[in-house]
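Dear colleague,

Please find the structure below, together with its sequence. My notes on it follow, arranged by region.

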Amino acid sequence: EAFSVRDQGVWVPVQGVIRLFGSLDPIQVGQKLEIHGRLSSSYRHRWSCSLVIVDSNHITRIEEAYLFTQWRSSLQAWAEEQVARSEIRVTDEDRLIRAVVLGVRDQSWNRVVEPFRQTGTAHLLAVSGLHLAIFCGAVGSLMAALGFSHRVVTFAWIASSLIMVLIADVRTPLFRAVLMVIAASLFSIIGWRLSAKSIVSMAVLIIQMIDPLVVLQVGFQLSFSVVWSFIFFLPMWTSRIRKPNPELKLSRFGQLWRVSMTAWLIATPLSVHHFGMFSLLGVPGTLLLLPLTTAVLLCGFVRLFVFW
């Protein structure tokens with residue numbers, strides 16, 4: 001999922017999903033290859049590169065894929081098939097469902113996501129901490145209703161996070177959320193109390209140890225800036241509302257609106273900088289589409305784990 005392009009004598013690192021077309025010998029995800037061919041690039045809302053190979057002899061396998069990588073790749077392919085199966089062809093509706101449930105982005109991703117970008121609601125399609133919170137919340141609520149203890153529910157949250165890592169397209173926002181859920185759950189099980197700031201800082205350090213240049217990615221900047229805003233700004237806003245009347249009981253819808261507004265205020269400048277897009281519909285659009293996104297996400301997982 002990462003390769004380098006030699007441009008005027010300099011190796012330029014490029015990141016993204018690799019798709020192969022043509023009649024080639026089977027190439028497995030996770031293999032390291034050396035490929036010689038003609039490279040071209042284009043930009044339609046995001047960069048894409050195409051490498052045309054004249055002869056299959058120009059492909060050299062440097063390193064074989066790990067067994068775990070092969071197994072995870074086949075598991076993801078199975079999940080994509082089960083969540084939205086089309087007998088004739090993959091429709092935009094299928095792509096939308098796969099994006100919400102598994103974070104899959106295929107060659108038609110830009111066409112599907114364009115209306116969401118224009119309305120400031122594209123974050124609902126990118127599997128992130130929001131989707132993990134919905135999934136873990138549903139699992140925890142179900143197990144609590146069945147009478148399981150809090151410790152068992154905590155283990156279920158860890159298992160749910162690991163399941164998301166195995167079947168979904170893992171990008172920085174989801175990886176950050178999984179690290180935070182697992183760390184918070186483990187410390188809760190052993191009885192240690194850790195602040196949210198410490199858990200977020202731990203996630204930052206782990207992700208940067210894996211890829212020091214990740215700070216340059218828009219996913220990293222958006223994900224962590226929004227999380228920090230929830231830790232620092234949201235409690236100040238809530239306490240300001242309750243200050244005149246400490247006994248005031250805040251509604252859940254009001255809290256959801258404040259969360260959406262805080263995320264929108266923090267993420268909008270970054271989105272304008274990276275994508276050149278700005279929409280006042282971000283907050284109302286999120287409030288309207290969140291119940292539908294939740295329904296699609298949960299129905300997708302029910303289909304995946306129960307009715308496949």
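Which residues of helix 3 (residues 109–118) are buried? They are Trp109, Val112, Val113, Glu114, Phe116 and Arg117. Here, buried means under 20% relative accessible area, exposed means over 50%, and partly exposed lies in between, with a 1.4 Å probe and protein chains only. Helices (H or I, at least four residues) and strands (E, at least two) are DSSP runs, numbered from the N terminus.

Two remarks on the basis of these notes are in order. This is a predicted model, in which local features need pLDDT of at least 70 and side-chain atom pairs count only at pLDDT 80 or more, while totals for chains, interfaces and linings use all residues. Residues are numbered from 1 along each chain as its sequence is written, and side-chain values use heavy atoms, with hydrogens and water left out.

Helix 3 and helix 10

The cover over the buried residues of helix 3 includes helix 2 and helix 10, where contact means heavy atoms within 4.5 Å. Just after helix 3, Gly120 adopts a positive phi of about 70°.

Gly120 is also one of the residues touched by Thr286, which is found in helix 10. Thr286 counts as buried because its relative accessibility is 10%. Leaving aside residues up to four places away in sequence, Thr286 touches Gly120, Thr121, His123, Leu124, Ser260 and Leu281.

Helix 10 comprises 24 residues (residues 282–305), which at 1.5 Å a residue should span 34 Å; the expected span is 1.5 Å times one less than the number of residues. Its end C-alpha atoms are 32 Å apart, which agrees. A kink of about 40° lies at Leu289, shortly before the proline Pro291; the bend at a residue is the angle between axes fitted to the seven residues ending there and the seven starting there. The buried residues of helix 10 include Gly282, Val283, Gly285, Leu290, Leu297 and Phe301. Among the elements that cover the buried residues of helix 10 are helix 1 (67–83), helix 2 (92–102), helix 4 (129–145), helix 5 (150–167) and helix 9 (252–275).

Axes are lines fitted to C-alpha atoms, for helices over the stretch in contact, and angles run from 0 to 180 degrees between N-to-C directions. The contact involves residues including Phe135, Val139 and Met143 of helix 4 and Val153, Trp157 and Met164 of helix 5.

Helix 5 and helix 6 (residues 172–189) pack at an angle of about 155°, with their axes 9 Å apart. Helix 5 is therefore roughly antiparallel to helix 6; angles under 35 degrees count as roughly parallel, over 145 as roughly antiparallel, 65 to 115 as roughly perpendicular and the rest as oblique. Helix 5 passes helix 6 in a left-handed crossing. Among the residues that make this contact are Thr154, Trp157 and Ile158 of helix 5 and Val178, Ile182 and Ser185 of helix 6.

Ser185 is buried, because its relative accessibility is 4%. Not counting residues up to four places away in sequence, Ser185 touches Thr154, Trp157 and Ile158. Ser185 and Ile158 are 27 residues apart in sequence and 6.8 Å apart in space, C-alpha to C-alpha.

Helix 6 also packs against helix 7 (residues 196–210), at an angle of about 130° and with the axes 9 Å apart. These two helices are therefore oblique to each other, and their crossing is right-handed. The contact includes Phe175, Leu179 and Phe187 of helix 6, and Ile199, Ala203 and Ile206 of helix 7.

Two further buried residues

Gln31 lies in the loop between strand 2 (10–15) and strand 3 (32–35). With a relative accessible area of 13%, Gln31 is buried. Gln31 touches Arg61, Glu63, Glu64 and Ala65, not counting residues up to four places away in sequence. Gln31 and Tyr66 are 35 residues apart in sequence and 7.9 Å apart in space, C-alpha to C-alpha.

Thr238, in helix 8 (residues 218–242), is buried with a relative accessible area of 16%. Leaving out residues up to four places away in sequence, Thr238 touches Leu250, Gln255 and Arg258.

With kind regards

Technical notes: Left-handed = near helix turned anticlockwise from the far one by under 90°.
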